[in-house]
Amino acid sequence: MTNRNAWQADELARAARLARELRAQVGADARIFAARAPGRVNLIGEHTDYSGLPVLPLAIDRATIVVAASNTSGELFVRNVDPTWPARTFRIERQILPFATGEWANYVKAAAQGVIDHFAARGASVSQFCGGAMIVDGRVPISAGLSSSAALTVSAALAFMAINSLELTPLNAAQLAARSEWYVGTRAGGMDQAASLLGRRDHALFIEFDPLRVRSVKMPSDAAIVVADSLEIADKSGRVRGEYNRRVVECSLAARILGRALGFEHVRILGDIVKRVDRFDALQLIEILATNSPAELATDLNDAARVLGIDRDVLAHDLLGAGPHRILLDARPLKVLARARHVLGETERVRRAVDALAAGRLDEMGMLMNASHASLVADFECSTDALDALVQAARRGAALGARLTGAGFGGSIVALCRAQDATHVIAQIDRDYYAKLGRQAEPARSILHAGPGADVMELAAA
Ligand code: GLA
């Protein structure tokens, strides 16, 4: 997978510095590997991936770097250069139990577990995996909706594979990493990990699922992407997780009810429907759903089971899972209709956006991004006042389109503008948002570029 061109000069320098530190710890003869994995910003296609429906993100030019060396201890020792995150050690075993919720090293555990699961399913035994030492240096803003967690998991997975002399294609690695957020209890789709692994300089990525595939779309040279952090923490391992998982349940329920109405079997996600209809028409599907289901269903799932004609407990097990990661729902009703309206409408917008972007029709792309935000506000209810204020500021500042990006409930917005207007957009955001908040604008907002995907290489002895 090695591609030195994927590394920026300062990333190579960081890796070399970390390698020197690691060498002091593991000895002059040890083989040292370095992995980099970028964060991502999603242009459009929000909350569609876990329904198996497409997304259009790009890998950003900020990455997490991990350097690693193997040892025979059977344990993995991980240290973060940021002292906020204490060093951790864990044993390499078939089932690696997570640390307490919110613990940063859970993302490293998720990576190791993902690699072990993948190769164990292909006949490897856990005793074949070695432990080692890793140093992590993350430069993707944390809890800002830019997938710092995917950057960490992907870089750690590549590093863990490298010290074990294992390699996968980027596409297979993306499949392996897709479920890594499940390890921390979030039922996320695979967008973030795929974007991190499949990124391409100056290109957005049209990513489809089941099976995972990607088509890169050249970013028009007259376009610029501005990302601005609301500074509201969108911590998916904490508060946001419950809201996120609730949406996953609502979308799956909508899919099952629609599947039954259409006479399709084994429908679990809305993508199962979109794949099977002769001609995909979001409005038509919403109408069918509206005539076959109440807009809201009680969380006890009794109504839902009745509508679906199945046993309530079977449905609950299927939808919520079991064990420590069983999804817990509070008493608010489940909004199946509004959630499906967003996801299906967003799918149409993503398809149009790919064509608009490829043809350089930036006005149309901006309009689609605005429509996406409106739908995320009204139907998906994952925006906040702060995100809305940022979106408004960006639009006042000549953005062609602006929307929340990532899971929402805090985090960042993404704005599209003409390259010559980018400083204007930023100035407006600074005035209307950060100044009013009394917060420093730097480095919360910036112009980001589509960068290359993740990479791993061996570092020569110094
Ligand atoms: C988070 C998840 C992704 C995706 C987005 C919303 O970033 O990790 O899988 O669901 O939210 O589009």
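The model is predicted. Its protein chain carries 14 helices and 14 strands. The radius of gyration is 22 Å, close to the 23 Å that the globule rule gives for 462 residues, so the chain is as compact as a globular protein of that length. Along the principal axes, the C-alpha atoms fill a box of roughly 70 × 55 × 40 Å.

Among contacts in the protein chain with a separation of 6 or more, 74% join residues 24 or more positions apart. Of the 462 residues, 59% are buried. The accessible surface of the chain comes to about 18300 Å². Carbon and sulfur atoms account for 51% of that surface. The chain has 53 positive and 52 negative side chains. The centres of these two sets lie 2 Å apart.

In soluble globular proteins, nonpolar side chains tend to be buried together. In this model, the largest nonpolar core holds 68 residues. Leu253, Leu270, Leu301, Leu344 and Ile429 touch the most other members. Helix 6, spanning residues 239-262, supplies the largest share of this core, with 10 residues.

Ile429, in the largest core, shows contacts beyond its sequence neighbours. With residues up to four places away in sequence left out, Ile429 touches Val226, Ala228, Leu390, Ala393, Ala394 and Tyr434.

How values were computed: Residues are numbered from 1 along each chain as its sequence is written. This is a predicted model: local features need pLDDT of at least 70, side-chain atom pairs count only at pLDDT 80 or more; totals for chains, interfaces and linings use all residues. Side-chain values use heavy atoms; hydrogens and water are left out. Helices (H or I, at least four residues) and strands (E, at least two) are DSSP runs, numbered from the N terminus. The radius of gyration is taken over C-alpha atoms; the globule rule is 2.2 Å times the number of residues to the power 0.38. Buried means under 20% relative accessible area, exposed over 50%, partly exposed in between (1.4 Å probe, protein chains only). Contact means heavy atoms within 4.5 Å. Accessible areas come from the Shrake-Rupley method with a 1.4 Å probe; for residues, only the protein chains shown count as cover. Lys and Arg count as positive and Asp and Glu as negative; His and the chain ends are not counted. The place of a charge is taken as NZ of Lys, CZ of Arg, CG of Asp or CD of Glu. A nonpolar core is a set of buried Ala, Val, Leu, Ile, Met, Phe, Trp, Tyr and Cys residues joined through side-chain atoms within 4.5 Å.
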